[in-house]
Amino acid sequence: MQKQCNPAWGNQQYEYTSYTICQQGSLLTSISMAFTGTGHELTPETLNKWLKDNDGYMSGVIVLSHLEVFGYRYLGKIPNSMIKKHLDSGNIVISTIARD
C-alpha cells in the first residue's frame with residue numbers, strides 16, 4: 001500500500017502547484033497504487049514526474065486520457081449502482097469521497 005504522505009515523496013511538489021503530494025496527491029496516489037497492483041511499478045513520485053514530463057497535468061488536474069499509454073482508459077464517472085459491475089468485470093475503479 002502506498003500513502004500519499006509517505007516521507008519518500010509526500011513533501012515533493014505536486015504538479016507545478018504550491019502544494020505537495022501529501023497535501024493534494026490523493027488521486028495521484030490512488031492511480032499509482034492501482035497501476036502497481038496490475039504490474040506497473042509506479043509510486044506517486046514516479047507518476048508525478050511522468051505526468052510533468054508528458055503534459056499530464058492541466059492546471060493541477062491529472063489529464064486522465066494521458067494514462068492510456070499504460071494500457072488503461074478513462075471511462076468517465078459512473079453511477080454508484082455500476083461500481084460492482086465494473087469491479088466484477090476486472091476494471092479498476094477509483095472512487096472519490098466528497099467532504100461536506
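This is a short talk on the fold of one chain and on its helix α2.

First, the ground rules. The model is predicted, so local features need pLDDT of at least 70 and side-chain atom pairs count only at pLDDT 80 or more, while totals for chains, interfaces and linings use all residues. Residues are numbered from 1 along each chain as its sequence is written, and side-chain values use heavy atoms, with hydrogens and water left out.

The chain has four helices and two strands, which run α-α-α-β-β-α along the sequence. Here helices (H or I, at least four residues) and strands (E, at least two) are DSSP runs, numbered from the N terminus.

On overall dimensions, the C-alpha trace spans about 35 × 35 × 25 Å along its principal axes. Of the 100 residues, 28% are buried, meaning under 20% relative accessible area with a 1.4 Å probe, protein chains only. Take contacts, that is heavy atoms within 4.5 Å, between residues at least 6 apart in sequence: 44% of them join residues at least 24 apart.

Now α2. Helix α2 covers residues 26-37, 12 residues in total, and reaches 16 Å from first C-alpha to last. That is close to the 16 Å expected at 1.5 Å a residue, the expected span being 1.5 Å times one less than the number of residues.

Which residues of α2 are buried? They are L28, T29, I31, S32, A34 and F35. Their packing partners are the helices α1 (21-24) and α3 (44-53), plus the strands β1 (57-58) and β2 (61-62). After α2 comes G39, with a positive phi near 105 degrees.

Terms used: Buried < 20%, exposed > 50% of the residue type's maximum accessible area, 1.4 Å probe, protein only.
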